[in-house]
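These are my notes from a first look through a structure that was new to me. I wrote down each thing I looked up, in the order in which I turned to it.

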Amino acid sequence: MGNKNSCCAYSSPQLGRKDLSGDGGPRGLEEHLPEGEISINNLQHISEREPEDWDSDPSLHPSAGTIFMERSKQAIENGLTRKKSQYQIADTRPLKKSSSCSTIYLDDSTVSQPNLKNTVKCVALAVYYNIKNRTSNRQIDIFDEKLHPLTRDGVSDDYDRHNPEHKQIYKFVRTLFNAAQLTAECAIITLVYLERLLIYAEIDVTPANWKRIVLGAILLASKVWDDQAVWNVDYCQILKDITVEDMNELERQFLEMLQFNINVPSSVYAKYYFDLRTLAEANELTFPSEPLSKEKAAKLEAMSRVYEDKIMADVLRNGIKKWSSLDNVCIGGPRRSIAILS
């Protein structure tokens, strides 16, 4: 993970030499363990462990509400109320393109292929509300920008007093994503890691630490989720006054605070994606719609066929469940619908 100077070089625990019996198996290994102890061979993999508060952790459980949605609840309610009042007044009602029999309007952002620019804007907005509506100012030194400045000029004396604006956060995140050529999926994973850090380390995103927390989350997300990971030294070329040693230490401590849990279930990823879209809609960060072309329709149809074939394979392998309807049962292969596009 990263370059050879990176701190992310992991190794499994070294097991001691086993005392083998005559039949080739471990001799007396379990008998001599104290009550309540387990053999190291039976230890769960880190991806299989579940914390006690798993049900309430939004970064792990698909039903738990995200932190940024909770902290932006009032803004979302205000946005929906404002839109409702606009629709009640004909003169100020915004024009919206609507689908018809001949034309279907879709935006180019899907859960599997999000729009990069709009996703980064939404993630920056989520970070903004996490800062603005934080409950306290709990901090850890490694993220304090005064103790670990990102620029040679340092920070001002009141660096920890004023909340950053959404545009400032977006500019910082956009610069990193553009320079490192990161994907939109990486932006969503960045937000998941950020909120997981808030829960695990029991800290808050504040004006004093938001840049380094976001940087640490981006650094980790790019290495774990992008096909071509960005090395720590590459970030030093983007942020020219930061050292590789500082990046390594930031990455190491970020991982330790996450308890090395970097797994993100697909259901959690999808939840964050749709919550970000809800936040965008309430803040008028709409995803632009465009007519569905024949090429894009063919691509969507191909993707749906793959998923449909997978569902049919599961049905045939496991048997038809009670919840299966006649529409889901096909004899001789899946049915195909014919769509005519003008």
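What percentage of the 342 residues of the chain count as buried? I began there, keeping in mind that this is a predicted model, and found that 37% of them count as buried.

**Entry 1, the overall layout.** I looked up the elements next and noted 10 helices and 2 strands in the chain. Read from the N terminus on, their order is α-α-β-α-α-α-α-α-α-α-β-α.

As a general background note, nonpolar side chains in soluble globular proteins tend to be buried together. I then followed L197 and, leaving out residues up to four places away in sequence, found that L197 touches F143, E202, I203, I213, F254, M257 and L258.

I looked up how helix 3 (residues 116–132) lies against helix 5 (residues 184–200), and their axes come within 8 Å and cross at roughly 15 degrees. Helix 3 is therefore roughly parallel to helix 5, and the crossing of the two is left-handed. On the side of helix 3 the contact is made by L116, T119, V120, V123, A126, V127 and N130, and on the side of helix 5 by A184, A187, I188, L191, L194, E195 and L198. Sorted by kind, the residues of this contact are 11 nonpolar, 2 polar and 1 charged.

For helix 4 (residues 166–180) and helix 6 (residues 210–225) I noted a packing angle of about 30 degrees, with the axes 11 Å apart. Because angles under 35 degrees count as roughly parallel, helix 4 is roughly parallel to helix 6. Helix 4 passes helix 6 in a right-handed crossing. The residues that meet are Q168, I169, F172, V173, L176 and F177 from helix 4 and W210, K211, V214, L215 and I218 from helix 6. I sorted these as well, and the contact of helix 4 with helix 6 divides into 9 nonpolar, 1 polar and 1 charged.

Which loop holds R134? I found R134 in the loop between helix 3 and helix 4. Although R134 and I203 are 69 residues apart in sequence, their C-alpha atoms are 9.9 Å apart in space. Setting aside neighbours within four places in sequence, I listed R71, N163, D204, V205, T206 and P207 as in contact with R134.

Most residues other than glycine have a negative phi. Q259, which is not a glycine, has a positive phi near 60 degrees, and F260, also not a glycine, has a positive phi of about 60 degrees. Is F260 buried, exposed or partly exposed? With a relative accessible area of 36%, F260 is partly exposed.

Methods. Residues are numbered from 1 along each chain as its sequence is written. This is a predicted model: local features need pLDDT of at least 70, side-chain atom pairs count only at pLDDT 80 or more; totals for chains, interfaces and linings use all residues. Side-chain values use heavy atoms; hydrogens and water are left out. Axes are lines fitted to C-alpha atoms, for helices over the stretch in contact, and angles run from 0 to 180 degrees between N-to-C directions. Helices (H or I, at least four residues) and strands (E, at least two) are DSSP runs, numbered from the N terminus. Angles under 35 degrees count as roughly parallel, over 145 as roughly antiparallel, 65 to 115 as roughly perpendicular and the rest as oblique. A crossing is left-handed if the near helix is turned anticlockwise from the far one by less than a right angle, and right-handed if clockwise. Contact means heavy atoms within 4.5 Å. Ala, Val, Leu, Ile, Met, Phe, Trp, Tyr, Cys and Pro count as nonpolar, Asp, Glu, Lys and Arg as charged, and the others, Gly among them, as polar. Buried means under 20% relative accessible area, exposed over 50%, partly exposed in between (1.4 Å probe, protein chains only).
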